Amino acid sequence: MVILSVPEILSKKRHGDELQDGELEYFIECVCNEEIDRSQIGAMLMAFCLQGLTTKETVTLTKSMMNSGTVQQWDPSWKMVDKHSTGGVGDKVTFPLVAAVPLFGLKMPMVSGRGLGHTGGTADKLESIPGFKISLTEEHMMRTLRDVGCYVTTQFGDIAPADKILYSIRDITSTVCYAPLSCSSIMSKKLAEGLGSLVLDVKSGVASTTDSHEQAEWLARMMVDIGHGMGVNTTAVLTEMNTPIGYTIGNSLEMIESLECMKGNGPADLEIIVAVQGAILLCDAGIASTQEQGEKMILQTFRDGTALEKFLQILGNQGVEKGTLELLRKGEYDQVFEKPKFVENIIAQQPGFIEAVNAMSLGTATVLLGGGRQLAGDKILDPAVGIKLIRSKGDQVERGDILAEIHHNGKLSKMLRTRIEEAFLIGESKSPIRRVIAIVKPDVPTVDYEVYRNQH
């Protein structure tokens, strides 16, 4: 029997019983209609944390949150796909991915976020390009998907309003960190895009949102189960986030590196993450027959220039002028992006191999240089600042070699410079980056990436 009384539902969960679908749906309905006191919402969230949510409950909660607002409806002939990242340092994967995937007829309604803390934001990086407009009307979005195949915007309209209410209360009741609630929050918004396939980039390492690899795998499994339970092909890729992705950290620097990747000049670790995720989407859509074939198809778009042209089309469709697009095509970046007043070098103090480059330290340093937010309401004041790695993990160096450039506009203190210097660990052993770790799919054990690639 379904209980339709908030106090009774609260009591049932407080005693550790599994809630039925109708009870969770009723709870979310009351939240949205303001038919429940905020203290009762807080009590329910705490009961979720203390007694736990089953996978079935988490799926139902996510679906109810998604259905509390607009769920995008598209042309049924379109194959809708997207990706989501849990956030990292130097994470510019979105840009080459959205340039390559639509070339194969897939549609990507990309809803991106702002940077917060040590993690950079997709929207902030794009806005370092003069003229780019991140906010779009629904009419523009529909037209863009039809004609271009992809747009990138921030959360808009009436998407998962229940999540906004719950999150505001989670923030003041110490329930933010409970993973099933975090997964429901992420997935309710992402799945409201009306997707058929979703790939998740779940980071593991010192600059990730999880404390251990096991916790990252658990988070990936939870989100995959939610997506699968809601009828969406969902795959998670576990990726390393001890070391920054590629060689740049900072909004303008990362956009330049992304454009170079689309020209076939990208760093190997960035290319492999993009290729793996893109191949999964191509295989889900039946466009590639194997993971290896899909990866080759994605990489070919960088080699033949088609990814760059698609990305420039996306930028032009969102407000960037033709003259700017031509400068980007030619690689005349100094005429497009803001330049820093100062560039200072970090020098190797001893010979050896770079054993580690601490992504958390460099991500935090970039924020302190003015390139990120410490609080959600902060504005990105300086797109020109950041850190450009000259050498990275696994490279051999001699004393006096340049390890990195610090691009800044006067906010580099002695203490901050020391933090950046100490992010580089030089020793005697060579240990290259292994960027893609494992693949998580529903109903099967987690598989090492190389094994997965050989089997699929």
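Q: What share of the 456 residues in the protein chain is buried?
A: In this predicted model, buried residues make up 55% of the 456; buried means under 20% relative accessible area, exposed over 50% and partly exposed in between, with a 1.4 Å probe and protein chains only. Residues are numbered from 1 along each chain as its sequence is written. Local features need pLDDT of at least 70, side-chain atom pairs count only at pLDDT 80 or more, and totals for chains, interfaces and linings use all residues, while side-chain values use heavy atoms, without hydrogens and water.

Q: What makes the pair of Phe27 and Phe48 edge-to-face?
A: Rings of Phe, Tyr and Trp (its six-membered ring) pair if their centres lie within 6.5 Å; planes under 30 degrees apart count as stacked, over 60 as edge-to-face and the rest as tilted. By this rule there are four aromatic pairs. Phe27 and Phe48 have 6.2 Å centre to centre and 90 degrees between the planes, an edge-to-face pair.

Q: Why does Phe27 count as buried?
A: Its relative accessibility is 1%, so Phe27 counts as buried. Phe48, at 0%, is buried.

Q: Why is the pair of Phe95 and Phe311 called edge-to-face?
A: The ring centres of Phe95 and Phe311 are 6.3 Å apart and the planes stand at 65 degrees, so the pair is edge-to-face. Phe95 and Phe311 are both buried.

Q: How do you know that Lys107 lies over the face of Trp78?
A: A charge sits over a ring if NZ of Lys or CZ of Arg is within 6 Å of the ring centre and within 35 degrees of the ring normal. Lys107 lies over the face of Trp78, at 5.1 Å from the ring centre.
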